[in-house]
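Please open the structure in the viewer and keep the selection tool at hand.

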Amino acid sequence: MIRLQSKIFISILLVLLCLPAMAQVGEMRNNFAVGVNGGININSVSFTPTIKQGSLMGITGGLTARYISEKYFAMICGIQMELNYSQHGWKEEYEESTDSYSRTMDYIEIPLLAHLAFGKDRGVQFFLNLGPQIGILLNETEKYEYTGDKWEPNTQVKVQYGKMADNKFDYGILGGAGLELRTKAGNFLLEGRYYFALSDFYGNAKKDPFSRSAHSTIQAKVTYLFDISK
């Protein structure tokens, strides 16, 4: 399973790297833009064995660089790279109890995305972003909330409490769609994204307690870009 996930990740990365070479048949562009982005994450973790969860909110934000290489018929083609700080993790909820547990995991992330847009050079465009993402875990914080005298979670799986991540390197697939308003003052983007991790942050060997522990995140993000070259 891990080998298959790695092959998927590498294949998408190779496709993105080949895009500039493939983009030679349309109307050539040389539009380079940079800017900032920010938003919120709605996080959960795919665990095997399963852990019952709610949604954990987090923040995300960082720097964005985008290069548009061509317009092929109605489709504008480019590549986008970001350097972001992003909060992931999970929140547990228990039956017949108001107690809760959450783990916030802080990452530095680098998405490398194919950018495909449809619309006018000035005005509103619809766009799609798709590609791989890698991340490095910086820090993780546990939060216990309970009403009794001590922590007594009502769950069968308990090994995660106090157990820090085994693997700090994270990778997966990121996809998003949104609208961009292109003006003389800059470009304003509103986007929804979904991140599906292919890596596990806990060990997944037979001796380990979890065979899967991968992030799953829905993002709402706004970005501002200004053109360096057109």
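Select Lys143, a residue that is partly exposed, with a relative accessible area of 47%.

## The whole chain

Now display the entire protein. The model is a predicted one. Its average pLDDT is 88, and 88% of the residues score at least 70. Colour the chain by this value and compare two elements: helix α1 (residues 2-22) has the lowest mean pLDDT among the elements, 53, while β8 has the highest, 97. Where pLDDT is low, the predicted coordinates should not be read in detail.

Next, switch to a cartoon view. How many helices and strands does the protein have? There is 1 helix, and there are 9 strands. Followed from the N terminus, the order of elements is α-β-β-β-β-β-β-β-β-β.

The protein exposes about 11,900 Å², of which carbon and sulfur atoms supply 64%. Of the 230 residues, 43% are buried. Among contacts between residues at least 6 apart in sequence, 71% join residues at least 24 apart.

Keep the surface and select Val36, Leu63, Met81, Leu83, Ile108, Ile110, Ile134, Ile136, Leu138 and Phe169, which make a nonpolar surface patch of about 840 Å². The elements that give two or more residues to this patch are β4 (75-93), β5 (100-119) and β6 (123-145). Which element gives the most? Strand β6 does, with 3 residues. Leu138 is a residue of the patch and is found in strand β6.

## Salt bridges across the chain

Return to the side chains. The whole structure holds 11 salt bridges. Select Glu180 and Arg66, whose side chains meet in a salt bridge of 2.9 Å, N to O. Glu180 lies in strand β7 (residues 169-183) and Arg66 in strand β3 (residues 56-72), so this pair ties together parts that are 114 residues apart in sequence. Are these two residues buried or exposed? Glu180 is buried, with a relative accessible area of 1%, and Arg66 likewise counts as buried, at 1% relative accessibility.

Select Arg212 and Asp200 next. Arg212 forms a salt bridge with Asp200, with the closest N and O atoms 3.7 Å apart. Arg212 belongs to strand β9 and Asp200 to the loop between β8 and β9, and the two are 12 residues apart. Both Arg212 and Asp200 are buried.

Finally for this stop, select Glu82, Glu191, Arg193 and Lys221 together: salt bridges link these four into a network.

## Aromatic rings

Show the rings of the aromatic residues. The structure holds 13 aromatic pairs. Select Phe188 and Tyr224: the ring centres are 5.1 Å apart and the planes stand at 45 degrees, so the pair is tilted. The tilted class applies because an angle under 30 degrees would count as stacked and one over 60 as edge-to-face. Phe188 is in strand β8 (residues 186-197) and Tyr224 in strand β9 (residues 212-229), so that the pair links parts of the chain 36 residues apart. Phe188 is partly exposed, with a relative accessible area of 39%. Tyr224 is partly exposed as well, at 28%.

Then select Phe47, Trp90, Tyr101, Tyr144, Tyr161, Phe201, Tyr202 and Phe210. Ring pairs link these residues into a cluster.

## Last stop: Thr223

Select Thr223, which is placed in strand β9. Thr223 counts as buried, at 9% relative accessibility. Which residues does Thr223 touch, leaving aside those up to four places away in sequence? They are Val36, Asn37, Thr64, Asn187, Phe188 and Leu189.

Key
Residues are numbered from 1 along each chain as its sequence is written. This is a predicted model: local features need pLDDT of at least 70, side-chain atom pairs count only at pLDDT 80 or more; totals for chains, interfaces and linings use all residues. Side-chain values use heavy atoms; hydrogens and water are left out. Patches are made of residues with over 30% relative accessible area and no salt bridge: like charges are joined within 9 Å, nonpolar side chains (Val, Leu, Ile, Met, Phe, Trp, Tyr) within 5 Å. Accessible areas come from the Shrake-Rupley method with a 1.4 Å probe; for residues, only the protein chains shown count as cover. Helices (H or I, at least four residues) and strands (E, at least two) are DSSP runs, numbered from the N terminus. Buried means under 20% relative accessible area, exposed over 50%, partly exposed in between (1.4 Å probe, protein chains only). Contact means heavy atoms within 4.5 Å. Rings of Phe, Tyr and Trp (its six-membered ring) pair if their centres lie within 6.5 Å; planes under 30 degrees apart count as stacked, over 60 as edge-to-face and the rest as tilted. pLDDT is the predictor's confidence in each residue, from 0 to 100.
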